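This report describes one protein model, part by part. Please look over the sequence and the structure before reading on.

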Amino acid sequence: MTRAGRVVQVQFVLTAMLIYLAMAIDLPPWAIKAIDKIRRGFVWRGRKEAKGGHCLIAWPKVCRAKELGGLGISDLKSLCIALRVRWPWLKKSEPNKPWASLPLQVSKDAECLLSLAIITEIGDGANTLFWKDKWLAGKSIQDLAPNLYVLVPKGRARKHTVKTALDETKWTEDIQGEIPVQALMEYLELWDMLEDISVQEGIPDRHIWRLSASADRLARRGLPHPDHCLLCDQEEENIQHLLIGCVFARQFWYDILHSIGLAALAPQSDVSSFDDWWDKAVLTVSEDARKGLNSLIILGAWTIWKHRNDCVFNGATPRLSTALNLAREEALLWSLAGARGLSPIHSS
Ligand SMILES: [Zn+2]
């Protein structure tokens, strides 16, 4: 069998075989590693095992989407998380199905993805968690009042719905122990915010999945999509255009690279592949600077994507300064979380 044939086999047989299992249980890391070894061996050698020398491209790159320069084989860890998120998502979106009341546990990763992916419009508040779900102006109370949230026992935070919590302001009973000043201020602000909220009896809560594919992928699946790029209002949107072809993206990259003295690396108008540009850019800097530049490029792409979603789904106006500020905020958060080499951007 040719290698191309084996790639198809791996994606549509070896990987597909796992789907039911991965939906039912959280695959442990050792299992994912072992399965990946088999998948890798089969792609490169047509047998169970392959040594480093047989592998022509690093496996993480093989596991990217074809639009991003990979071979379109699913990344197993991400696939497993996505399949597990399905349960809590269905619980939210189809609460009347019998399995919605099963006590399903998902991993922390899946919980994080879900909380990133969903915002809620409140109806009667019965299917929305008061403390954890994003229902108050697109944010969760956990995010809005972090100091107050730590005073709420975990079990209670998972229990109270908006409906039960707002009833006779029962949410206040969830807060336990002594309240420090910071938390007290959050408490007062929260009190003010909640004063204007009233639940609407008989109307179910609406949960909205925010992370959607770009226009070309939506179009391929026959789903509603913007028919041109919202950032430049000129060309058809696809992922390459969005990340690098778009005038907006090019200006964005220029500004952000300029802030760390690497303006020369900014993509020119003849660059059409994000992946190629990235590969080449990284080779032009010293070994020490590579990690930082990699983090920066990932962060930049993430920022453009977020800004684009904000325009598509929340009606925001595309604005370079907004995107750049967003990148700076994110850079600060990421560097706090340990990403190397991002400090010059958020302080610029
Ligand atoms: Zn554009």
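## Terms and basis

Buried means under 20% relative accessible area, exposed means over 50%, and partly exposed lies in between (1.4 Å probe, protein chains only). By that cut-off Ser 74 counts as buried, because its relative accessibility is 18%. Ser 74 sits in the loop between helix 4 (59-62) and helix 5; helices (H or I, at least four residues) and strands (E, at least two) are DSSP runs, numbered from the N terminus. With neighbours within four places in sequence left aside, Ser 74 is in contact with Gln 11, Thr 15, Arg 39, Cys 63 and Leu 79, where contact means heavy atoms within 4.5 Å.

The model is predicted: local features need pLDDT of at least 70, side-chain atom pairs count only at pLDDT 80 or more, and totals for chains, interfaces and linings use all residues. Residues are numbered from 1 along each chain as its sequence is written, and side-chain values use heavy atoms, with hydrogens and water left out.

## Overall layout

The protein has 18 helices and 4 strands. Its C-alpha trace spans about 65 × 45 × 40 Å along the principal axes. Of its 348 residues, 38% count as buried. Among contacts between residues at least 6 apart in sequence, 59% join residues at least 24 apart.

The domain assignment gives domain 1 (3-81), domain 2 (108-207) and domain 3 (215-346); such bounds come from an automatic or database domain assignment. The centres of domain 2 and domain 3, taken over C-alpha atoms, are separated by 33 Å.

## The zinc site

Which residues are the protein donors of the zinc ion? They are Cys 229 (SG), Cys 232 (SG), His 241 (NE2) and Cys 246 (SG), at 2.1 to 2.3 Å from the ion. Donors are N, O and S atoms within 2.8 Å of the metal (3.2 Å for Na, K and Ca); water is not among the atoms, so sites may look incomplete. The arrangement is tetrahedral because the 4 donor atoms subtend angles of 103 to 112° around the zinc ion. Four donors count as tetrahedral if all angles lie between 85 and 135 degrees.

The donor residues follow the spacing C-x2-C-x8-H-x4-C in sequence. Cys 229 lies in the loop between helix 12 (215-220) and helix 13 (239-245), and His 241 lies in helix 13, so the pair ties together parts that are 12 residues apart in sequence. Cys 229 and His 241 are both buried.

Gln 240 also lies in helix 13. Its relative accessibility of 18% makes Gln 240 count as buried. Its contacts, apart from neighbours within four places in sequence, are Glu 67, Gly 245, Ser 272, Ser 273 and Phe 274.

## Nonpolar cores

A nonpolar core is a set of buried Ala, Val, Leu, Ile, Met, Phe, Trp, Tyr and Cys residues joined through side-chain atoms within 4.5 Å. The largest one holds 34 residues, of which Trp 253, Leu 257, Phe 274, Trp 277 and Leu 293 touch the most other members. Two or more residues each come from helix 13, helix 14 (247-258), helix 15 (274-283), helix 16 and helix 17 (320-336). Helix 16 gives the largest share, 8 residues. Another core lies apart from this one; it has 20 residues, among them Trp 135, Leu 148, Trp 171 and Tyr 187.

Beyond residues up to four places away in sequence, Trp 253 touches residues including Leu 243, Pro 267, Phe 274, Trp 277 and Ile 304. Ala 289 is placed in helix 16 (residues 287-314) and is partly exposed, with a relative accessible area of 33%.

## Helix 6

Ala 110, Leu 114 and Ala 117 are buried in helix 6 (residues 108-117). Viewed down the helix axis, the buried residues fall within an arc of 70°, so they line one face of helix 6; the arc is that of the directions from the helix axis to the C-beta atoms. These buried residues pack against helix 5 (76-93), strand 1 (118-121) and strand 4 (206-209).

## Positive phi angles

Most residues other than glycine have a negative phi. Glu 168 has a positive phi, near 50°, and Thr 169 has a positive phi of about 40°. Glu 168 lies in the loop between helix 10 (162-166) and helix 11 (181-195), and Thr 169 is placed in the loop between helix 10 and helix 11. Glu 168 is exposed, with a relative accessible area of 65%, whereas Thr 169 is partly exposed at 33%.

Conventions. Four donors count as tetrahedral if all angles lie between 85 and 135 degrees; four count as square planar and six as octahedral if opposite donors are over 155 degrees apart and all others between 65 and 115; anything else is irregular.
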